[in-house]
Amino acid sequence: SCRPCGRPELIPEINSDKKQLCFEWGPGEMLVCETLFGSTEGKEKRPDCPYVYVVRKDLDIYSQTLRKLFNESHGIFVGLQKDEKEKLGKSRTAQLVRVSKNYRSVIRASMEDSHQLASNVCFPQVSTLSAMELIWNLCEIMFIEAAPAGSLLRHLLDWVRLHVCDVDNMLCDVLRSESPAKHKNFWDLTILVLQGRMDEARQLLSKEANTNPTSVGMCKILDELMKKMPVLCPSNTQTLTEMELKWQHWHEACERFLKDGTFASNPHMETLCKILVGDESAILEKKDLMTNWYHFLVTRLLYCHPTVKHVELHLYAQSSMDLFLGAESSPEPLDIILLAAFELDIHQVIKECSIALSNWWFVAHLTDLLDHCNLLQSHNLYFGSNMREYLLLEYASGLFSHHSLWQLAVDYFDHCPEFGRAYLEHHIERIPLDTEHKALKILRICEQRMMTEQVRSICKIMAMKAVRNNRLGSALSWSIRAKDAAFATLISDRFLKEYCERGSFSDLDLIDNLGPSMLLSDRLTFLGKYREFHRMYGEKRFCAAAKLLLTLMTARIAPCSFWMTLLTDALPLLEQKEVIFSAEQTYELMKCLEDVMAAESKNQKLQEDDAETMKVEMLRIGLARNLARAIVKEGTLEES
């Protein structure tokens with residue numbers, strides 16, 4: 001099997017000699033493979049019984065620390081996409097650099113969280129996060145900020161200082177000792193010079209002058225050289241040419257002291273002066289202090305090429321790595337990534353990060369940011385989508401396999417104009433609808449994006465669940481939301497059946513407030529109107545109730561099995577002191593009764609049911625009596 005980053009994962013206990021399931025897609029973006037791996041007890045009882053080995057996609061989404069990284073970076077991503085008023089020139093660059101720093105601060109916060117957990121499980125994550133921040137910081141310098149000559153070196157020095165953390169601890173230990181100049185690590189102050197931290201190096205050098213009177217003169221000269229080292233600061237107005245001239249004069253002064261043998265009696269100070277003049281052999285002697293080749297590269301640039309431009313870095317990066325690592329050592333994945341960044345090969349950086357890192361978070365967000373810098377416009381992938389969209393789709397797809405992070409993925413899909421909607425439709429249909437609250441959340445997402453088919457599908461699933469749990473009100477609500485006429489009809493029939501059995505309706509609030517939704521199906525219309533009839537009757541609005549009841553019967557929208565119930569509901573109105581039904585309405589009721597009897601006589605229901613026969617006789621008597629009363633009343637009215 002292969003992880004998303006391309007690194008193989010070894011499946012234990014694969015039995016290639018026997019026919020077996022091999023790989024199949026399982027739920028939640030994972031693969032399952034049939035193996036012989038299992039407990040010892042299981043193997044003894046059933047030696048040929050296969051076990052399923054699960055290969056999850058994007059395991060990092062289950063890490064507590066990385067989940068925090070995913071959540072917090074989501075807001076930065078969305079904010080960047082919504083910033084439609086894109087600025088121009090320096091202001092735009094400054095804006096993108098701020099976004100980049102925000103991403104880095106989130107990475108560093110996750111690193112601190114991992115340290116605090118103090119668990120062996122977290123150590124690989126700390127290492128990964130540290131590498132991610134190191135790479136991102138360099139990409140920020142090389143691609144996003146693209147600092148000019150002079151400023152570039154200052155940024156690279158800050159980059160090295162930030163990621164070589166033991167120096168400050170060492171400095172504190174030396175200064176806190178009773179006699180700093182006699183501390184075993186005192187001359188490790190060379191690392192300060194290697195990092196261009198001249199003020200701190202001079203502070204330590206003063207301790208040597210105070211302790212050893214014979215070295216006062218040498219310390220004073222070396223201190224003066226360090227003090228006068230030309231540095232291009234943001235506040236300076238000097239040009240690069242002026243900077244180069246000053247640096248040349250300073251460099252020549254350092255060389256003169258070396259040739260004169262000024263520091264010959266003190267090897268440590270002589271080494272420091274050799275570093276100042278850019279002696280590569282002297283710098284390499286201190287490789288144990290630098291620990292990595294890119295620190296060596298920045299030191300070379302500081303003392304040999306202080307006005308280097310970022311487009312020239314590739315001239316020194318490869319040779320620095322070769323010199324530092326030597327012929328016997330091969331570069332690590334991190335070395336390859338950093339070298340590609342120094343060579344300004346964006347696509348190689350993204351490719352190598354995709355291979356080396358264990359999740360898609362880094363490459364997805366870095367590529368998106370670089371795309372906003374207009375650095376990836378010319379690079380489209382052969383299968384249609386551009387690199388930015390492809391990586392965002394992969395990252396968001398991984399989030400969808402998590403029970404809560406899937407909500408973040410929606411926004412990532414929203415900002416993938418070519419395939420984002422198709423991916424969202426595909427993944428959102430596969431989210432388990434565990435609760436009604438979760439279903440409503442997913443439904444809102446679909447409705448906001450006019451995803452009609454997904455809305456209908458979710459509502460149908462929830463309606464079926466409600467029916468199985470005998471929650472008819474909820475089922476009807478979901479079916480109305482799905483605009484599913486057939487299912488609404490089915491549930492309406494269940495409501496009517498329940499009424500026939502119990503003599504009352506459940507979920508009255510829902511039925512009373514159907515509104516225009518009752519027009520979804522004839523049966524639902526009947527249910528709503530029939531409930532309205534009962535409400536009118538309860539309010540003693542007998543004439544209106546009688547008119548509505550007759551309409552329901554003559555419209556033929558009630559199920560045949562319910563006709564007798566409607567006629568029975570007319571009995572109390574027929575027995576009122578006041579004549580409710582007119583002669584014409586009574587004739588219509590009589591016709592309805594005859595139709596019911598004709599329909600039921602075919603299956604001989606009346607002959608077998610004495611109660612139904614009695615009910616028919618009572619209806620006939622009531623209708624006949626009401627007809628007589630209505631005729632008399634209407635005749636009297638005509639005469640008057």
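**View 1. Serine 215, in the loop between α8 and α9 (216-227).** In this predicted model, serine 215 is tucked away: its relative accessible area is 1%, so it counts as buried. Setting aside residues up to four places away in sequence, serine 215 touches Glu208 and Met269.

**View 2. Helix α6 (residues 166-176) against helix α8 (residues 198-211).** Here the two axes come within 11 Å of each other and cross at roughly 25°. That angle is under 35 degrees, which means α6 runs roughly parallel to α8. As for handedness, the α6 and α8 crossing is left-handed. On the α6 side, the contact uses Leu171, Val174 and Leu175, while α8 brings Glu200, Gln203, Leu204 and Lys207. Sort the residues of this contact by type and you get 4 nonpolar, 1 polar and 2 charged.

**View 3. The largest nonpolar core, with its 190 residues.** The members that touch the most others are Leu156, Trp159, Trp293, Phe342, Trp361, Phe362 and Tyr530. Helix α4 (residues 123-145) is the top contributor to this core, giving 11 residues. As general background, nonpolar side chains in soluble globular proteins tend to be buried together.

View 4. Skip the neighbours within four places in sequence, and tryptophan 159 is in contact with Leu134, Asn137, Leu138, Ile141, Tyr294, Val298, Leu338 and Phe342.

Terms used
Residues are numbered from 1 along each chain as its sequence is written. This is a predicted model: local features need pLDDT of at least 70, side-chain atom pairs count only at pLDDT 80 or more; totals for chains, interfaces and linings use all residues. Side-chain values use heavy atoms; hydrogens and water are left out. A nonpolar core is a set of buried Ala, Val, Leu, Ile, Met, Phe, Trp, Tyr and Cys residues joined through side-chain atoms within 4.5 Å. Buried means under 20% relative accessible area, exposed over 50%, partly exposed in between (1.4 Å probe, protein chains only). Helices (H or I, at least four residues) and strands (E, at least two) are DSSP runs, numbered from the N terminus. Contact means heavy atoms within 4.5 Å. Axes are lines fitted to C-alpha atoms, for helices over the stretch in contact, and angles run from 0 to 180 degrees between N-to-C directions. Angles under 35 degrees count as roughly parallel, over 145 as roughly antiparallel, 65 to 115 as roughly perpendicular and the rest as oblique. A crossing is left-handed if the near helix is turned anticlockwise from the far one by less than a right angle, and right-handed if clockwise. Ala, Val, Leu, Ile, Met, Phe, Trp, Tyr, Cys and Pro count as nonpolar, Asp, Glu, Lys and Arg as charged, and the others, Gly among them, as polar.
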